[in-house]
Amino acid sequence: MSETLTITRPDDWHLHLRDGAMLAAVLPETARHFARAIIMPNLVPPVVTGAQAAAYRDRILAALPEGMAFQPLMTLYLTEDTDPEDVAAAAASGLVRAVKLYPAGATTNSASGVSDFDRVRGVLERMAEIGLPLCVHGEVTAADIDIFDRESVFIDRVLDPIRRATPGLRVVMEHITTAGAVDYVRAGGADLGATITTHHLVINRNHILVGGIHPHYYCLPVAKRETHRLALVAAATSGENRFFLGTDSAPHTDALKENACGCAGCFTATNTLSILAEVFEREGALDRLEGFVSRHGPAFYRLPENPDTITLTRGAPVQYPTGIETGDGPVTVFDPGFDLHWRVAP
Ligand code: DOR
Ligand code: ZN
């Protein structure tokens with residue numbers, strides 16, 4: 001007996017597509033199932049100006065295979081030199097849907113991020129005026145702060161002060177990993193939302209470290225203890241519209257992951273929807289999957305929901321490829337460690 005679930009076509013509110021050969025290889029993995037995605041700007045060099053975002057959008061659309069539909073929602077990488085008027089113009093034209101804040105040094109290609117938050121005050125105030133969301137990588141980078149505490153310290157030391165100093169600023173706390181972040185987002189008003197990744201709903205820190213180091217489970221923010229994973233699952237499956245999917249699917253070649261200094265990132269674009277269906281089913285919350293993947297994100301970003309649907313079908317376990325080939329080398333697909341029974345109908 002097969003069960004089916006038809007939902008509004010989903011969007012991914014946090015995605016890394018990279019550029020060049022990697023872009024060409026990973027874009028179809030997302031476009032196959034998702035209509036739109038918020039595209040992260042941490043290229044080398046980063047996407048800082050409206051003109052750079054327009055050029056990057058053109059490269060993404062040029063890489064889209066014939067017959068596939070996909071709308072990249074562009075972001076700008078916030079630096080201490082970002083011009084508020086360039087941001088406002090890029091938002092007014094509909095090109096840019098958010099600005100991304102990386103604390104300097106927090107993660108992959110974040111060296112141009114922000115160290116002195118006073119220097120971005122003017123941009124944040126302009127964004128609050130025009131309602132443009134700030135997507136936040138919420139980790140402090142101070143060497144004396146333990147990596148497992150960096151999210152909670154960020155909330156206290158950086159995020160909360162920014163929000164208090166900039167009334168009306170709309171903020172998405174990206175890829176939350178702690179029960180404390182769930183609580184903080186719940187206590188915020190309508191101006192605060194959060195994305196949750198697929199992998200943080202599946203792994204805890206044991207997956208990375210027990211029985212040897214598992215580099216394909218290493219990402220930032222790093223997965224925390226099981227109690228935190230459970231809080232994330234509860235939030236994602238709660239039906240609360242402040243929580244929505246942002247996969248943070250972040251491809252790195254196997255050579256760069258399986259390395260003495262391995263890169264952070266889990267590549268989940270290929271099997272994300274099957275994994276999420278399994279997670280929601282286990283929680284008895286399949287009826288809330290559509291909200292998490294297709295409805296809460298557009299509501300926060302003030303965009304229409306997608307007009308079409310996808311259908312998931314339950315049956316024998318689906319075999320996804322363990323990796324994809326790219327012009328830069330192979331990229332391993334995230335292994336959830338359990339069977340996936342839900343497939344997306346073609
Ligand atoms: O794991 C991660 N990978 N976290 C990030 O914040 C960046 C991303 C990447 O770009 O590889
Ligand atoms: Zn990311």
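This is a predicted model: local features need pLDDT of at least 70, side-chain atom pairs count only at pLDDT 80 or more; totals for chains, interfaces and linings use all residues.

Which residues of helix α6 (residues 179-187) are buried? I found A181, V182, Y184 and V185 buried. These residues cover an arc of only 165° around the axis, which puts them on the same side of α6. I then checked the other side of α6, where D183 and A187 are exposed. Next I asked what the buried residues of α6 pack against. My list reads α5 (150-165), β7, β8, α8 (226-236) and β9.

**The sheet**

I turned to the strands. Eight of them form an open sheet, and the pairing is parallel. I wrote down the order as β2-β3-β4-β5-β6-β7-β8-β9. The edge strands are β2 and β9, as each pairs on one side only. Neighbouring strands of this sheet are turned by 30° against each other on average, direction ignored.

Strand β5 (residues 96-101) pairs with strand β6 (residues 134-136) in the parallel sense, over three bridges. For L101 I looked up the bridge partner in β6, and found V136.

Then I followed helix α11 (residues 289-301). Helix α11 lies across several strands, including β2, β3 (36-39), β5 and β6. Also on that list are β7 (171-173), β8 (192-196) and β9. Against β9, helix α11 runs at about 115°.

**The zinc ion**

Which residues coordinate the zinc ion (ligand 2)? I found H14 (NE2), H16 (NE2) and D248 (OD), at 2.1 Å. In sequence, these donor residues are spaced H-x1-H-x231-D. I located H16 in the loop between β2 (12-15) and α1 (20-31). D248 sits in the loop between β9 (243-245) and α9 (254-257).

**The cysteines**

How many disulfides does the model have? I counted zero. A disulfide needs two cysteine sulfur atoms within 2.5 Å. The sulfur of C135 is 17 Å from the closest cysteine sulfur, in C219, so that is too far for a bond. For C266 the closest cysteine sulfur is also in C219, at 4.4 Å, and this is again too far. Last, I looked up how accessible these residues are. C135 counts as buried at 0% relative accessibility, and C266 counts as buried at 1%.

Technical notes: Residues are numbered from 1 along each chain as its sequence is written. Chains are lettered from A and ligands numbered from 1 in the order in which they are written. Side-chain values use heavy atoms; hydrogens and water are left out. Buried means under 20% relative accessible area, exposed over 50%, partly exposed in between (1.4 Å probe, protein chains only). Donors are N, O and S atoms within 2.8 Å of the metal (3.2 Å for Na, K and Ca); water is not among the atoms, so sites may look incomplete. Helices (H or I, at least four residues) and strands (E, at least two) are DSSP runs, numbered from the N terminus. Two strands pair if DSSP finds at least two bridges between them. Axes are lines fitted to C-alpha atoms, for helices over the stretch in contact, and angles run from 0 to 180 degrees between N-to-C directions. Contact means heavy atoms within 4.5 Å. The arc is that of the directions from the helix axis to the C-beta atoms.
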